[in-house]
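Subject: the two-chain model, and what I found in it

Hi,

Here is the structure I promised you. Have a look at it first, then read on for my notes.

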Amino acid sequence: MIGYAIRRTLYGLLVLFLITTFVFVVLRLIPGDVVRLQLADAPGVTQAQVDALAAELGLDQPVFTQFWSFISGAVTGDLGTSFETRLPVTEMIVERLPATLELGLLAIMFSVVLGVPLGIISAIRHNSFLDQSLRLVSVAGISVPNFWLALLLITYLSIWFGWSQPLVYAAPWENLGTNLAIMAIPALALGTSAMAAVSRMLRSSMLEVTQSNFVRTVRSRGAPERLVILKHAGRNSILPVFTLLGLQFGNILGGTVILESIFSIPGMGSLIFTSVQMRDYPVVLGCVIFYGAVFIFVNLLVDLVYAVIDPRIRYS
Amino acid sequence: MSIVQQSDADQARDAVSTDGSTPPPVARPPRRRALLRFAKQQPFGLAALILITCFVVMAALCPWLAPYDPLEQHRGSIMLPPSPEHLMGTDDLGRDVLSRTLYGARTSLLVAVFTMMLGGVVGILLGTVSGYFGGSWVDTIIQRVMDTLMAIPSIVLLLFVAALLGPSIRNTVIALSLLVVPQFNRVTRGEMLRIREETFVEAARAIGCSPWRILTRYGLPNLLAPLFVLGSLVFAGMMIAESALSFLGIGTPPPTPSWGRMLSEGSASLEIAPWIAFYPGLALSVSVLAFNLLGDAMRDFLDPKQHR
């Protein structure tokens, strides 16, 4: 078990290193000089000024030196300094992180709370009219783009119920009510596809498990159906849902980029979006690496939890 | 919504031989009969197929179907609600929403088709090579690169690449392909690993076929079924991804009509003119739904378990 955990962790770190390399190389390969961009407004900029700024930002160094100094900083948690705000990137990310995490977790919670019962119902009433309709609803849930769903919710909640969101963002520790009122619609829109995916996955895995021999044995011994479904079949069919949630977490993280910009939520999504537009390389680099790290970490966690729950996969 | 259903790959791989055996390469029934069987067994799949046909016809014939020029601005008719003259109303520049939605289908379809062609071909090639040489250093290198691409959340990767390349349809296709390649690579590699252990491949090797001949003659034909399933599901994902990029303003550049951009333009006037954002979003959702349904139906149809 410990060997497995170490192997998986090392592999995660390797992928993280590869992400960093990939992003770094792409950023440096793309034309568009940040120094000229920053000085573009001022007419009559001399070459000396350009050089001075480049030197200040460390852009006059060879690419390999830049990469090395970045990596050695990143290991200690220093992701460099923003070109725009001159603040440490790590600080900017840490400041924006809570909103994104809250949004992501709310979306996941929504998807599990609704997706699990729907999946179970679908599996129990296999091939009934209810099951068919729920399946169609799930496919629809996967197909509807979350940004359109969010726009629809804003529009029709306000037209039909006269309800509109608070305009100014508040952190949960400042004003929990306002915070949740702002987060509700984006979390709902973001969680819908994960919810649909969870219910689909649970339906098919539960169908598979309920047809297996051990469930037949449990049933033949006279166990009540409730116990069969929730305890025996449920435990075994929830495993693939874990893996699915880990993978869905990536989609949810990505989805925050769009939803944060629609709802003006000050999270990492809006940070990376504005930084990309301003070519604030260090912030973009830091954000992509951070997103990758969170995604890798979550899936590592899923794999480890999985190995604890299901001892069969440890040595594979 | 999700840009790329990360589980698509698994689902597609399950499409063929969930019980671990390959369907023997027997003579197949004529294609027409297979299509009939598909229509009978998968009513949703048939409906999806019809929807997709309508969608393609819409995209192909939009210059004749559209009542107005999608780019023509009418200062006198701004934000008109749906009416017999403008079935879906007009937007904030007085452009006809119906015409723009029809042309948007063309943009969406073109981007997705080119993405599938570029990303699909590269992904299948890499996956085939990787699977055939499974376990060797070639395989290892390819898989590490793919893992890296898959470990970055898809929109973040798209945003990063598309924004750096600049907004244009070509660059959107390049950025989206980066999402498609790992998906096709994964499924192709998995199938190849399985196929290369088959007796008929062993036989081919024994009579001295070159690796190239084995790949093209025995590998690829056996890959087609799961790849069709994957292709349909990925196609749906790419349509959403294209509009997500356009929504963020880094995909299809204006004034080309694109569903994503129409959505973001409409989001400014949701409460006074909801139709501007409603109809393009509906068109997008329905077409994505059709491709997802088709993919599901094909998977069920090809799944040997379903025939029992």
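Let me start with one helix in chain B. Helix α6 of chain B covers residues 154-165, and at 1.5 Å a residue its twelve residues should span 16 Å; the end C-alpha atoms are 16 Å apart, so the two agree. This is a predicted model, so please read everything here with that in mind.

Is α6(B) mostly covered or mostly open? Mostly covered: eleven of the twelve residues are buried. The buried set begins with Ser154(B), Ile155(B) and Val156(B), goes on through Leu157(B), Leu158(B), Leu159(B), Phe160(B) and Val161(B), and ends with Ala162(B), Ala163(B) and Leu164(B). Just after the helix, Gly166(B) takes a positive phi of about 95 degrees.

Now the rest of chain B. Of its 308 residues, 51% are buried. Take the contacts in chain B with a separation of 6 or more: 74% of them are between residues 24 or more positions apart.

One residue to look up in chain B is Leu224(B), in helix α9 (residues 211-247). Leu224(B) counts as exposed because it has 12 other C-beta atoms within 10 Å, and the cut-off for exposed is 12 or fewer.

A word on confidence. Chain B averages a pLDDT of 79, and 85% of its residues score at least 70. Over residues 1-7 of chain B, though, the pLDDT is below 50; that stretch still has 29 contacts in the model beyond near neighbours in sequence. Residues 13-21 of chain B also stay under 50, and there the model has 20 contacts beyond four places in sequence. For the model as a whole, the scores are ipTM 0.82 and pTM 0.83.

On to chain A. Here there are 13 helices and zero strands. The C-alpha atoms fill a box of roughly 85 × 55 × 35 Å along the principal axes. Of the 316 residues in chain A, 37% count as buried. Among contacts between residues at least 6 apart in sequence, 74% join residues at least 24 apart.

The helix pair I would look at in chain A is α11 (residues 239-263) with α13 (residues 281-309). Their axes come within 10 Å and cross at roughly 175 degrees. That makes α11(A) roughly antiparallel to α13(A), because an angle over 145 degrees counts that way. On the α11(A) side, the residues that meet α13(A) are Leu239(A), Phe242(A), Thr243(A), Gly246(A), Phe249(A), Gly250(A) and Leu253(A). Among their partners in α13(A) are Tyr291(A), Val294(A), Phe295(A), Val298(A) and Asn299(A). By class, this contact has twelve nonpolar, four polar and no charged residues.

How do the two chains meet? The contact takes 43 residues from chain A and 39 residues from chain B. On the chain A side, the elements that give two or more residues are α1 (2-29), α6 (129-143), α7 (146-161), α8 (176-210), α11, α12 (268-278) and α13. Which of these gives the largest share? That is α11(A), with eleven residues. By class, the side of chain A that touches chain B has 31 nonpolar, twelve polar and no charged residues.

Last, two loop residues in chain A with backbone angles to check. Most residues other than glycine have a negative phi. Asn127(A) is not a glycine, yet its phi is positive, at about 65 degrees. Asn127(A) lies in the loop between α5 (89-124) and α6 of chain A, and it is exposed, with 10 other C-beta atoms within 10 Å. Ser264(A) is not a glycine either, and has a positive phi of about 45 degrees. You will find Ser264(A) in the loop between α11 and α12 of chain A, where it counts as exposed with 12 C-beta neighbours inside 10 Å.

That's the lot from me.

Cheers

Technical notes:
Residues numbered from 1 in each chain as written. Chains lettered and ligands numbered in written order. Predicted model: local features only at pLDDT ≥ 70, side-chain atom pairs only at ≥ 80, totals over all residues. Axes fitted to C-alpha atoms, helices over the stretch in contact; angles between N-to-C directions. Helix = DSSP H or I, 4+ residues; strand = E, 2+ residues; numbered from the N terminus. Parallel < 35°, antiparallel > 145°, perpendicular 65-115°, else oblique. Contact = placed C-beta atoms within 7 Å. Nonpolar A, V, L, I, M, F, W, Y, C, P; charged D, E, K, R; others polar. pLDDT = per-residue confidence, 0-100. Buried ≥ 20, exposed ≤ 12 C-beta atoms within 10 Å, placed from the backbone. Expected span 1.5 Å × (residues − 1).
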